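Subject: Structure handover

Dear colleague,

Please find the structure below, with the sequence alongside. My notes on what was found follow after it.

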Amino acid sequence: MSMVRIEQISKFFSEGRQNRLVLDNVQAEFAEGEFVALLGRSGSGKSTLLNLMSGIEKPDGGDIWINEVAITRLTERERTLFRRDHIGFVFQFFNLIPTLTVLENITLPQELAGKKETAVRPHAMHLLDQIGLADRCDTFPDKLSGGEQQRVAIARALAHDPMLVLADEPTGNLDEETGERVLNLLIDLTRGAGKTLIMATHSPDIVPFADRVIEVHNGRLVEKRVDSMLAG
């Protein structure tokens, strides 16, 4: 069964007096529980595609279905609520709130959704234990390394148990060794729970971990064979 279905999506951005076509009538499907890597150069449209799937942005044409819900037909508020309840998003630059502790960063989205702190704290602490930072629950983000901050960001993205996780260059701001540890953690946590993970990256190092690879190039989506990419 498809977790995400993209139907004839197009997206333009205004640049001065001209419109730049970023995504040109693209379509794709992403199954439940698979890890798909979106490869492409900077500016190719990878992040735009993730933003469209999350409902952060709206396309200029076409529809995106998530669990049979056409998020492109929802109002902005409805898209925000849908994203909050059903989608986890991991950003390249962590996006942690500096005035909140590690634990508060993880529990805040659910508290904003009306859940009591006492109800969400146990699961948040369990996630912190899984990512090896339970002893840093009362620490503020600026006291953590980049890799530690990204691990907290992953825990925050998974705290409401979404079945779809979108990751935009999650290791792009980390050194190679730390990035590999964070990547392995993200894959373990999502695969172990049967979640769909769609990751945008410019790094071919992701290929061996992915079930499928899709290249974003000249506004199009081109499926690549993982075995042939590894052989090459």
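Arg5, Glu7 and Glu68 are linked in a network of salt bridges, a salt bridge being a side-chain nitrogen of Lys or Arg within 4 Å of a carboxyl oxygen of Asp or Glu. Before the rest, the conditions: this is a predicted model, in which local features need pLDDT of at least 70 and side-chain atom pairs count only at pLDDT 80 or more, while totals for chains, interfaces and linings use all residues. Residues are numbered from 1 along each chain as its sequence is written, and side-chain values use heavy atoms, with hydrogens and water left out.

Salt bridges

Side chains of opposite charge can pair when their charged atoms come close. The count of salt bridges comes to 13. Helices (H or I, at least four residues) and strands (E, at least two) are DSSP runs, numbered from the N terminus. Glu68 counts as partly exposed, at 45% relative accessibility; buried means under 20% relative accessible area, exposed over 50%, and partly exposed in between (1.4 Å probe, protein chains only).

Arg73 and Asp63 form another salt bridge, with the closest N and O atoms 2.8 Å apart. Since Arg73 lies in the loop between strand 5 and helix 2 (76-86) and Asp63 in strand 4, the pair ties together parts that are ten residues apart in sequence. Arg73 counts as exposed at 56% relative accessibility, whereas Asp63 counts as buried at 15%.

A salt bridge also joins the side chains of Asp161 and Lys195 (2.5 Å, N to O). This pair links distant parts of the chain, 34 residues apart: Asp161 is in the loop between helix 5 (146-158) and strand 7 (164-168), and Lys195 in the loop between helix 6 (176-191) and strand 8. Lys195 counts as buried, with 4% relative accessibility.

Four strands form an open sheet in the order 2-1-4-5, and their pairing is antiparallel; two strands pair if DSSP finds at least two bridges between them. Strand 2 (18-31) and strand 5 (69-70) stand at the edges with a single partner strand each, so one side of each is left without a neighbour in the sheet. Strand 1 (residues 2-15) pairs with strand 2 in the antiparallel sense over ten bridges. The bridge partner of Val4 in strand 2 is Phe30.

The parallel pairings

Strand 8 pairs in the parallel sense with strand 3 (residues 35-39) over five bridges, and Phe35 stands opposite Leu197 in strand 8. Strand 7 and strand 8 are also paired in the parallel sense, over five bridges, with Ile198 in strand 8 as the bridge partner of Leu166. Strand 6 and strand 7 make a parallel pairing over four bridges; here the partner of Ile87 in strand 7 is Leu164.

In a regular strand the side chains alternate between the two faces of the sheet. Strand 8 has six of its six residues buried, so it is largely enclosed by the rest of the structure. Thr196, Ile198 and Ala200 cover one side, and Leu197, Met199 and Thr201 the other. Both faces of strand 6 (residues 87-90) are covered too, with Ile87 and Phe89 buried on one side and Gly88 and Val90 on the other.

Ile214 lies in strand 9 and is buried, with a relative accessible area of 3%. From Ile214 to Ile97 the distance is 32 Å, C-alpha to C-alpha, and the two are 117 residues apart in sequence.

Backbone angles

Most residues other than glycine have a negative phi, and most peptide bonds are trans. Asp161, already listed for its salt bridge with Lys195, has a positive phi near 55°. Glu169, in the loop between strand 7 and helix 6, has a positive phi of about 50°. Glu169 is buried, with a relative accessible area of 10%.

Regards
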